[in-house]
Amino acid sequence: MNTLDIEAIRQDLEKARDRLVDQLDELGATPSGDLRSDVDYGDSFADAGAVTAERTERLGLVDALVGQLREVEKALERIEQGTYGICAECGKEIPPARLEARPESTLCVDCKSRLG
Ligand SMILES: [Zn+2]
């Protein structure tokens, strides 16, 4: 069996988490995806349409980042619980090559493609 370097993966995941939290912060959002009320949208935009478009685009980015952050946090939790590398759906081992490519994976390739 190909053994995983869990400690290296944990460090990668922690780095990824910090980076995502920073990116969210730059977008004026909290790690849970709420936009901070102290961030002012659109002073530089003259018309409301542009402000809405800007806000919508920002929310889309925030959503994507929050989704990634959730996955990273889930993977970290699984390391804590000792279930890292086990498919959350079918309980089979996730191939180390997949975990190296995507350390936040919690599903094997089969379940991932089945569940979308
Ligand atoms: Zn599976």
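Two residues are in contact if their C-beta atoms, placed from the backbone, lie within 7 Å. Keep that cut-off in mind when asking what covers a helix. The model is predicted.

Start with the overall plan. The protein has four helices and zero strands. From the N terminus on, the order is α-α-α-α. Of its 116 residues, 16% count as buried. Contacts between residues at least 6 apart in sequence tell of the chain's reach: 54% of them join residues at least 24 apart.

Now take helix α2, residues 48-81. Its 34 residues, at 1.5 Å a residue, should span 50 Å. Just after α2 comes G82, with a positive phi of about 75°.

Which residues of α2 are buried? L65, L69, V72 and A75 are. Helix α1, residues 6-26, is among what covers the buried residues of α2.

In soluble globular proteins, nonpolar side chains tend to be buried together. Here the largest nonpolar core holds 13 residues. Those touching the most other members are L13, L20, L24, L65, L69, V72 and A75. Helices α1 and α2 each supply at least two residues of this core.

Leaving aside residues up to four places away in sequence, L24 touches A29, T30, P31, V62 and L65.

Notes. Residues numbered from 1 in each chain as written. Predicted model: local features only at pLDDT ≥ 70, side-chain atom pairs only at ≥ 80, totals over all residues. Expected span 1.5 Å × (residues − 1). Buried ≥ 20, exposed ≤ 12 C-beta atoms within 10 Å, placed from the backbone. Core = buried A, V, L, I, M, F, W, Y, C linked by C-beta atoms within 7 Å.
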